[in-house]
Amino acid sequence: MAKIRDEKQYQIVLKRVEALMDIVTEDTPSNDPNFVELDLLADLAEEYEMESFPVGQPSLSEVLKLRMYEMQLTQKSLAGLLGVSAPRISDYLTGKSQPTFAIAKKMHQNLNIDANLILA
């Protein structure tokens with residue numbers, strides 16, 4: 001199968017995908033030439049994006065900050081939720097310290113953070 005080799009080809013493919021998205025609807029049969037072309041070009045674009053613009057796993061610090069925002073928690077309230085001191089939360093947020101297994105378990109249970117991410 002063909003591959004997108006550079007940014008110029010990628011931009012051309014994206015323009016064609018956009019044009020096809022205006023043509024192909026939910027009712028378009030999967031054997032329609034426009035549907036097939038859209039499917040193939042979208043796969044090519046996705047493959048190029050994964051190779052050229054990889055998205056790494058977020059850090060524990062980033063996820064903690066997001067959960068604090070989502071749950072409207074302060075460092076002090078998060079410390080109370082996890083049973084640690086506020087300065088320890090600050091250490092987790094700056095990456096100066098990693099949680100113990102017991103605290104990692106509380107993060108997983110109370111904040112719904114993937115255990116693999118906590119223990120990475």
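1. Where does Ser59 lie? Ser59 is found in the loop between H2 and H3, where helices are DSSP runs of H or I with at least four residues, strands being E runs of at least two, all numbered from the N terminus. With a relative accessible area of 33%, Ser59 is partly exposed; in this note buried means under 20% relative accessible area, exposed over 50%, and partly exposed in between (1.4 Å probe, protein chains only). The C-alpha atom of Ser59 is separated by 8.8 Å from that of Gly95, 36 residues apart along the chain.

2. This is a predicted model, in which local features need pLDDT of at least 70 and side-chain atom pairs count only at pLDDT 80 or more, whereas totals for chains, interfaces and linings use all residues. Residues are numbered from 1 along each chain as its sequence is written, and side-chain values use heavy atoms, with hydrogens and water left out. The protein averages a pLDDT of 93, and 99% of the residues score at least 70, pLDDT being the predictor's confidence in each residue, from 0 to 100.

3. The structure holds five salt bridges, each defined as a side-chain nitrogen of Lys or Arg within 4 Å of a carboxyl oxygen of Asp or Glu. One of them joins Lys3 to Glu51, with the closest N and O atoms 3.2 Å apart. This pair links distant parts of the chain, since Lys3 sits in the segment before helix H1 (7-23) and Glu51 in helix H2, 48 residues apart. Both partners are partly exposed, Lys3 with a relative accessible area of 43% and Glu51 with one of 49%.

4. Two further pairs lie within single helices. In the salt bridge of Glu70 with Arg67 the closest N and O atoms are 3.2 Å apart, and the two residues, three apart in helix H3 (residues 60-71), are separated by about one helical turn. Glu70 is partly exposed at a relative accessible area of 46%, whereas Arg67, at 18% relative accessibility, counts as buried. Arg88 and Asp91 meet in a salt bridge at 3.7 Å, N to O, and are likewise three residues apart, in helix H5 (residues 86-94), or about one helical turn. Arg88 counts as partly exposed at 35% relative accessibility, and so does Asp91 at 24%. Elsewhere, salt bridges that share partners join Lys3, Glu47 and Glu51 into one network.

5. Gln72, in the loop between H3 and H4, has a positive phi of about 55 degrees although it is not a glycine, and Gln72 is exposed, with a relative accessible area of 73%. Asn112, in the loop between helix H6 (101-111) and H7, also has a positive phi of about 55 degrees without being a glycine, and is exposed at a relative accessible area of 58%.
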